[in-house]
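Colleague: Could you walk me through reading a few local features here? I would like the general idea and then the case at hand.

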Amino acid sequence: MSQRFTVSKSDGDRRASDIQGEVNQLFEGDEPATTSDADAEGAAAAAADSEAVLVLKGDSNPKESSPFINSSDVAAEKSQQYDGKNMALFEEEMDTSPMVSSLLSSLANYSNLPQGSKEHEEAENNEAESSRKKPVKAPQLGTLMGVYLPCIQNIFGVILFLRMTWLVGIGGVIGTFIIVFMCCTTTMLTAISMSAIATNGVVPAGGAYYMISRSLGPEFGGAVGICFYLGTTFAGAMYILGAIELLLIYIFPKAAIFPLEGLEGAEAEAALLNNMRVYGTILLTSMATVVFVGVKYVNKLALVFLACVILSILAVYAGVIKTAVDPPVFPVCILGNRTLVWKSFDVCAKTIESTNGTITTQLWRMFCDSPLLNATCDKYFEANNVSEVQGIPGITSGILAENLFPHYYEKGDLIARADMESVEGVDDPLTNSKSYVLADITSFFTLLVGIYFPSVTGIMAGSNRSGDLRDAQKSIPIGTIAAITTTSAVYMSSVIMFGACIEGVVLTDKFGEGVHGNLVIGTLAWPSPWVIVIGSFFSTCGAGLQSLTGAPRLLQAIAKDNIVPALRIFGHGKANGEPTWSLLLTACICESGILIASLDAVAPILSMFFLMCYMFVNLACALQTLLRTPNWRPRFKFYHWALSFLGMSLCLTLMFICSWYYAIFAMAIAGSIYKYIEFAGAEKEWGDGIRGLSLSAARYALMRLEEGPPHTKNWRPQLLVLVSTDGEQNVEQPRLLSLTNQLKAGKGLTIVGTALEGTYLENSDQAQRADQALRKLMETEKVKGFCQVTVSSNLRDATSHLLQAGGLGGLRHNAVLVSWPRNWRQGDELQTWRNFVELVRETTAAHLALLVPKNISAFPSNGERFTEGHIDVWWIVHDGGMLMLLPFLLRQHKVWRKCKMRIFTVAQLDDNSIQMKKDLTTFLYHLRIDAMVEVVEMHDSDISAYTYEKTLVMEQRSQMLKQINLTKTEREREIQSITDSSRGSIRRKNPSGVTTQLSVTEDQPGGSKEEKPEEEVQLIHDNTNPASPATPATPVSPTESVQSPGTQVQMTWTEKCDGEPAKPPGAATPEGNIKDIFNMKPNQFNVRRMHTALRLNEVIVKKSSEAKLVLLNMPGPPKNRTGDENYMEFLEVLTEGLNRVLLVRGGGREVITIYS
């Protein structure tokens, strides 16, 4: 009898002699040795007497040693740090869920996040790739230099120096104080809202535009961003006009191109405005050129301009203190009760006595036709006396009482002192009007509000510099609120000081005509009025430069976002990124403000735009607080939605107080931009009133959700809660809905589903009862959501249908909450845990997160309260940040509110645990999550005998269950094999552990061939299932019984001529099977996984045995389904000894971000 063998080898082959029984030798090398050709032929020759054909095939699983599925050689090299035995339980999914220790350094550095988190705006801008690759110097600005002083510089401005005294004179101390208090309160509330938004993650430069667009969406963000840009641009125009006013009126009046001498009324006003337009255009061109040439020069001069502002304010305070001891001499000449323009005369008297007698003065000549005493004079001049009043009587003079109440004037009214007598005819016309100080505009309360409000803007300066701050989340709130507190105190004290030190007619004299043409606030300054004049001139020029620098960059940021297609061209600039086109447009818009030429007319315009911007900042904070989005975790805690709502209401009120038509115009601009960005809104549907509108809005919202997956900031767990019911259709795990309530707090989507077995026609009544039971329990547990009952032929399919078909359109679940199967080890619960493992696989395939509470009955009800304790997070692998988000959500609920959060992560042998702790602390700081951090070191250790024994018992139990729970097909196969074995036995040898394919062709004697019917049996064995011996007389050694992990054994035998068929290995006697089970060796891979579970459980129990809740990563099920029962055992070991456990699997995407 001749035989021919063909032997072929596959990857992962192992020689039987290489496999030792000792535990330490079992793990000497993870990569099995391959069998040489000679060895294979030797094994084939040893089986030469065999009269059967055996085909042993691997299941094409990747090598055990490679933690990355389908990893290449490069990936395998990168993954060598995971080859240790400690993390074997997680190594199958290391490619999608890498170890935390390998990611912490990049997570702590927010510019180098994993791809799932790179949804921030810098990553979306491909043009910035090259700039990001360059090494960037670490930001070093602190609170003082980075936030406080820039805010001071931007808030103090031209209004304080040019209009504050006039505001006090017109509105009175009380009225002006109310205006200042109202405006400062508005900015303080806005700063509180802004601090909450700015500390809710990393805010790149862009200030209000970035915060609003990322909080309220691109439509609102674009509209408000453009309004903020227009406000900043018009602010530049206001600063330039203020600088020109200082130049032409107080510093160098003779520089006027259109002279004012000899002109009265409208002519004089027109000449002044034309001068403002000409010089304003010249100054704007010069400033734009400076900005175009180099912004660095502007930034270098910023401190100089700031010093000018601070010195000017200090000079005013010094002057106020000096007035208490030695008031300055600034007399005001008053004719009757009318204030005279003190420019063309030297002495405040009609005549003076000299050695030559009584002579007339220059003042006489202004009102009379000749210098002679008998000249014809103005009637009012003749009837009233001239008196000289001290313009700065001092803080101790008691003048405050006279300045408490307002004095509003119509345009052209005389500035008069009310407490002085005046003799004038009722019908006498006003003559010599150019000699009197007149009101240049009609004044009223709302006008004063519009003019003053720009002096409190500039609170965004700190948030605009967040990229340059060492610790933005700490510096922005402290610096901004401190700056507003300082400036508010200065403004409020200024109102009182001006009212207590300066005469009323001087306060109402806008241009200081009654005090020799001096700047009114300058008359109060010490040591000289020129300190204020020069300082305010340079500060206004600096503020104008800052506006021309910031506004183009804001427009460029809006243009680069591509939310306004018409502005796309303004996103381009010079090679170094300078916004050339944006600067050109900004200069043009600024020129339109300069052509208005009146500071009092420009101020209300920019007040509208700033007020609208601040209104939406408050709206964004209020909405985020009320919606309680999971990403809303501001590090700044002193905010409340009511404060934000109050700030928003104040902004809206001030808009209409300032100017109702400007307010409507600004809102119309914002609305037009909003609709342009949106381009197509919801279709109108005229049905039954509110219901039709609600349906239209709901359909529109669902269609919008379909446009794409939610941003990481908006991600919240939309739960599908899977519950089981008993025979009476009552929910078996009511605490599962309590946990749902604590996780959701009424926000987002919740679907509570259950599955029934059978057909819907026969079980519709049961389905209805189950639906009612779910609704009743949801109402009891205060779970807001929907319930869904699915009926199918088996529970596995019904659950799968719920998983696939739940939700509507974009409103679908992204996480599944299901309780751990109780008593899964019991024989009658076999299908329950199989369904559970299949559910784990399906959630992974559907990219859904999975939450599995273990010991659900021990979880607290909604009525319980934990007064202390910890929520412990064991962050082993990074799977999207679910482990960070869930404790935060739980701690929003009153049950868990008092619990503190602790985060543990595991360090391997090669990890720097000290650096890991620093990186993890930094990452949590950026996430705005308060938690204690601990790094647990788990070094490689030898496999203990207990681990080996526990794995062996687990595998023996699994094998016995297989023998007991044979399927119908397997039973028929078993009966057939026993029948066949009664015909005889065939001796065979099986070189176990070697994956071979043997093809045997037997030549019959005499060359004749007798064809016999061929029976083929295919048996699929588990990884740990040893090949059974043919007979008890030919036992297989224990070393031979160990197969390579994951092998699939296919055995084919051909019936012999004598009618004695080969007996398959599975057809052994029960006595033989039991003997094989107790002689088996545990699988290497299972021992390693058990080692991981035991070591992790040991440290978790040690650290977290007293914790109120433990959250930890849930390992994935095995790739092949033959080890499912082992998988359940691993999870059981991993969580043993813990009271409340929440196993968590991510859905394959980032769910938490450091960005606002």
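Predicted model: local features only at pLDDT ≥ 70, side-chain atom pairs only at ≥ 80, totals over all residues.

Colleague: Is Arg-1089 buried or exposed?

Modeller: Buried means under 20% relative accessible area, exposed over 50%, and partly exposed in between, with a 1.4 Å probe and protein chains only. Arg-1089 counts as buried because its relative accessibility is 2%. Arg-1089 sits in helix α37, residues 1084-1104 (helices are DSSP runs of H or I, at least four residues, and strands are runs of E, at least two, numbered from the N terminus).

Colleague: Which residues does Arg-1089 contact?

Modeller: Contact means heavy atoms within 4.5 Å. Beyond neighbours within four places in sequence, Arg-1089 touches Ala-88, Leu-89, Glu-92, Gly-1116, Tyr-1127 and Phe-1130.

Colleague: How many residues of helix α27 are buried?

Modeller: Nine of the eleven in α27, residues 734-744, so the helix is mostly covered. Among them are Leu-736, Asn-741 and Lys-744.

Colleague: And where does Met-211 lie?

Modeller: In helix α10, residues 207-216. Met-211 is buried, with a relative accessible area of 1%. Met-211 and Ala-198 are 13 residues apart in sequence and 7.2 Å apart in space, C-alpha to C-alpha.

Colleague: What about Lys-894, buried or partly exposed?

Modeller: Partly exposed, at 40% relative accessibility. Lys-894 lies in the loop between α31 (882-890) and β14 (900-907).

Definitions and conventions. Residues numbered from 1 in each chain as written. Heavy atoms only, no water.
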